[in-house]
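I set out to record what I looked up in this structure, entry by entry.

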Amino acid sequence: LSICSRTVEPLEYYRRFLKENCRPDGRELGEFRTTTVNIGKCSITTADGSALVKLGNTTVICGVKAELAAPAVDSANKGYIVPNVELPSLCAERFRSGPPGEEAQAASQFIADVIENSQMIVKEDLCIASGKLAWVLYCDIICLDYDGNLLDASVFALLAALKNVQLPLVTINEETGLSEVNLKQKNPLIIRKHPVATSFAIFDDTLLIVDPTAEEEDLATGTVTIVTDEEGRLCSVHKPGGSPLTGAKLQDCITRAITRHKEVKKLIDKVIKSITPK
Amino acid sequence: PRRDRAVCAPGDTSVLAGLYGPAEAKISKELPDRAALEVLLRPKVGLPGVLERSREQLLRQTCEAVVLGVLHPRTAISLVLQVLSDAGSLLSCCLNAACMALLDAGLPLTALFCGVTCALQPDGSILLDPTARQEQEARAILTFAIASSDRKVLMATTKGSCSVEEMQQCLAAAQRAAGTIFQFYRDSVRRRYSKC
């Protein structure tokens, strides 16, 4: 019986578990890690909306700040949503301090695409006065602990934080032309769709495992992320290279993603209900 | 070091690809067991931003899946793509240019790949290789990189939302269209080598 060390031959170590259809941390191939979410006052008190999501060890915090700005000339009735994903050097050894690396930039672009594709927030809803004033939502997603599956946690944190945002009522005074902010009257954001991301890692060109940890991501030969909304529509199929997949395997991923969406939606509804004052 | 280039132009979209390598890698970037692949995408105007970085990641991981990097450990392969004009289907043009540059350079590959863009129009019909105008009017745009060996999906990225059935239909259409593009690769290579 050969001794297979986790540090010396990680791939062989993993293959032993995958043969039995399970993983070293005891999960099955299609099982997610424990997901917990903390919305609102418990997270960032200075932000207009915030949420902290933990997916196993992966911890991601999202803070949303709303500011006022003039809309762009070519889209006078649209506000702005500016997502930014940061992977500071404290979350994992591989990230150095300095300008954002490729992974952070690709994640930021992915989040921007998800917001755009799913139409979870329609930019026209953020407009206060066409051509004069609109809301800018700065969504900062910061990873505090990186243990794989950044995209799922980020999308979830963003959704939870946006559900928590309360925007004060802003009116434009007809006489002076200046804006007046009424901090006492706050309205929640209109969130039309609830996109949820599900990530898979491809092992040895054939096996698909859900919610990979950082170790599994390093050993994987490819990744796939599927974002679905509550109607079962695909907001994003993100497969950045890696092992080739057949259409059927992609379909299996989509089916699992749709089931995951229901689990996450239930969790978020439960948490929102518990924090809303009656 | 080998230097090779390929220009890919479906319609009026054209991308110039230059491949350098396998060459000596910087010690900070070299990998002990395989070649380190780097992709740089330069837009037509402006400095490369977050969108270019995201596309570079897609292209890099697609190329890494086909290039037999283990045959050239501790080397660097750089792929530089310059967008000359953009009239729609830019990402699939970049994919095709990248693959032809890899072919031209003679790097060892497990399979070829081609990029196909599908636009889902508001009435539900599928349009391949849309122009910029058609892309704007479309409900969803799906770009796939299809491998030559068994028409499997190497890379997939979507813009806009669509139903699962529509995605599968687009994928099937892309896999069928891939055959035409691979034939184009064969013809181009044949033309290039028949002259000398």
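**Notebook: chains A and B**

I looked up the area buried between chain A and chain B and found about 2500 Å², of which carbon and sulfur atoms give 53%. I note that Glu102(A), Arg233(A) and Leu234(A) supply 22% of the area that chain A buries against chain B, more than any other three residues. I keep in mind that this is a predicted model.

I then listed the residues in contact: 27 come from chain A and 29 from chain B.

How many salt bridges does the rule find across the interface of chain A and chain B? I found one. The side chain of Glu102(A) meets that of Arg60(B) in a salt bridge, at 2.6 Å from N to O. On the side of chain A that touches chain B, α2(A) gives the largest share, six residues. I also recorded 12 residue pairs in polar contact between chain A and chain B.

Next I followed α2 (residues 102-118) of chain A, which lies across β11 and β12 of chain A and runs at about 150° to β12(A).

I traced the open sheet of four strands in chain A, and its order is β10-β9-β11-β12, with antiparallel pairing. β10 and β12 of chain A each have a single partner strand, so one side of each is left without a neighbour in the sheet.

I checked one pairing: β9 (residues 196-203) and β10 of chain A are joined by four bridges in the antiparallel sense. Ala201(A) has Ile209(A) as its bridge partner in β10(A).

Finally, I saw that α3 (residues 150-164) of chain A lies across β9, β11 and β12 of chain A.

Key: Residues are numbered from 1 along each chain as its sequence is written. Chains are lettered from A and ligands numbered from 1 in the order in which they are written. This is a predicted model: local features need pLDDT of at least 70, side-chain atom pairs count only at pLDDT 80 or more; totals for chains, interfaces and linings use all residues. Side-chain values use heavy atoms; hydrogens and water are left out. Two strands pair if DSSP finds at least two bridges between them. Helices (H or I, at least four residues) and strands (E, at least two) are DSSP runs, numbered from the N terminus. Contact means heavy atoms within 4.5 Å. Axes are lines fitted to C-alpha atoms, for helices over the stretch in contact, and angles run from 0 to 180 degrees between N-to-C directions. Buried area is the accessible area (1.4 Å probe) that two parts lose on being put together, summed over both. A salt bridge is a side-chain nitrogen of Lys or Arg within 4 Å of a carboxyl oxygen of Asp or Glu. A polar contact is a pair of N or O atoms within 3.5 Å; within protein, one must be able to donate a hydrogen and the other to accept it, and residues adjacent in sequence count only if both atoms are side-chain atoms.
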